[in-house]
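Hi,

Here is the model I promised to pass on.

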Amino acid sequence: MNFEIFNFKPSIMANIKDLGYSVPTPIQHEAIPLIMQGKDVIGLAQTGTGKTAAFVLPILEHLQSRQNKGTRALIVSPTRELAEQTCKAVNQLGKRTGLTCITVYGGENIEEQSRRLHGNPQIVVGCPGRLLDHLWRGTMNLSSLEILVIDEADRMFDMGFLPDIRHILACIIQKRQTLLFSATMPEAIKRLACNILHQPVTVQVERQQPAQTVSHTLYPVQQHLKTSLLKEMINQIKTDSVLVFTRTKHRAERLAQQLIKEGHKVKTLQGNLSQNQRHAALRGFRNGSIKILVATDIAARGIDVSSISHVINYDMPDTVEDYIHRIGRTGRINKKGEALTLVTSADKGKVSDLEVVLKAPLKRLTLKGFNYNATQNYQKDFKRQNNQPPRAQNAIA
Ligand code: AMP
């Protein structure tokens, strides 16, 4: 089955072809026809499944069919990175359509955004807080809105954005089509969906299952040896680009500094960075000049780098959903990826939860040559004994 079945306009088909998409992903297959029929849709799909194109393509098709003026589609995203990523997808899939899309989020000049909004872009992708600022200042007008998308609604809820979303909704009084995408369905999102969607159809794709192309491995270790183990994993395991997750911003910074000292090209992606620093980190990671990106969960939302070979969980994520979100950055469509997780005895419960969802016990490995009984000064001891840094080797016991 290919994209012909949707009967998109030739301009959109040409853009799909340019991007090299030949077969619709399951969420696209299910959701696109419903959205094209004008139905409100709840899409239960995690990132990496092709969910963005699942709503962007029918939006482009719809907007192209009529020549109405004003902002006609609004996509609300939890993070700036996801907003940028979505706008990029709109621009790529909408290249030959003449439709314009802009992003609106905090941390950027509001006057400049107001000027761009004044130009009446047909599609706006934005984060809740700044969208609300514009609505309240009167620099954004949603009176022509035809389609509203709430993307990654569960993350929006985690980040405390639901009140802002409700305020935004209060500014849209006319009838519109509403689409809500979420990887999970916590109670609060169910309630929101009930309030704002009209007879929605739910489309659920591989809920809570990571991509089949990702392999999962646990590396049991004592808490104080995590950094030494990570350094040696990076030395021993052949990787292209590595995304390392830590639980806190502070830890992300500290770990990055330690890896830089070892001679690695590293940047962080955490909430304290300026917009320019975030862009620079992502650009470097995308173009390959940065091989290791150390990130926190929220900052990493929306990262779309196609060549991530390894996701390493320096800290075990708090929930199975977070684990699946994190590893959704690797093993993207038609690519293989590896998820390596450092686990301590305190993570036992989370590991069992994960094994229940993945329906199999996870492989546990130890790194050959690594002293699992070392004290805090392990790394120093290792170098002193060997008189050189650990050599790369493939054998993993
Ligand atoms: P998403 O889940 O929207 O973050 O998409 C994940 C990745 O899949 C993005 O890099 C898209 O460009 C890509 N993608 C989306 N749809 C397709 C498709 N039908 N075939 C191949 N790649 C796709």
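How much area do domain 1 and domain 2 bury between them? About 1,700 Å², with 51% of it on carbon and sulfur atoms; buried area here is the accessible area (1.4 Å probe) that two parts lose on being put together, summed over both.

Some housekeeping before the rest. This is a predicted model, so to speak of a local feature I need pLDDT of at least 70, and side-chain atom pairs count only at pLDDT 80 or more, while totals for chains, interfaces and linings use all residues. Residues are numbered from 1 along each chain as its sequence is written, and side-chain values use heavy atoms, with hydrogens and water left out.

On the domains: domain 1 covers 3-204 and domain 2 covers 214-386, with bounds that come from an automatic or database domain assignment. Their centres, taken over C-alpha atoms, are 31 Å apart. At the interface, 21 residues of domain 1 are in contact with 19 residues of domain 2 (contact being heavy atoms within 4.5 Å). T47, E81 and R155 lose the most area on the domain 1 side, together 36% of what that side buries.

Between the two domains I count 2 salt bridges, a salt bridge being a side-chain nitrogen of Lys or Arg within 4 Å of a carboxyl oxygen of Asp or Glu. R278 and E81 meet in a salt bridge at 2.8 Å, N to O.

Which elements give two or more residues to the side of domain 1 that touches domain 2? They are helix 4 (80-93) and helix 7 (153-158), where helices (H or I, at least four residues) and strands (E, at least two) are DSSP runs numbered from the N terminus. Helix 4 provides the largest share, 5 residues.

Now the sheet: 7 strands form an open, parallel sheet in the order 10-11-9-12-13-8-14 (two strands pair if DSSP finds at least two bridges between them). Strand 10 (266-269) and strand 14 (363-364) are the edge strands, each pairing on one side only. Strand 10 pairs with strand 11 (residues 292-295) in the parallel sense over 4 bridges, and K267 has L293 in strand 11 as its bridge partner.

Finally, the structure as a whole holds 21 salt bridges. One of them joins E152 and K51, with the closest N and O atoms 3.2 Å apart. E152 lies in the loop between strand 5 (147-150) and helix 7, and K51 in helix 3 (residues 51-65), so the pair ties together parts that are 101 residues apart in sequence.

Cheers
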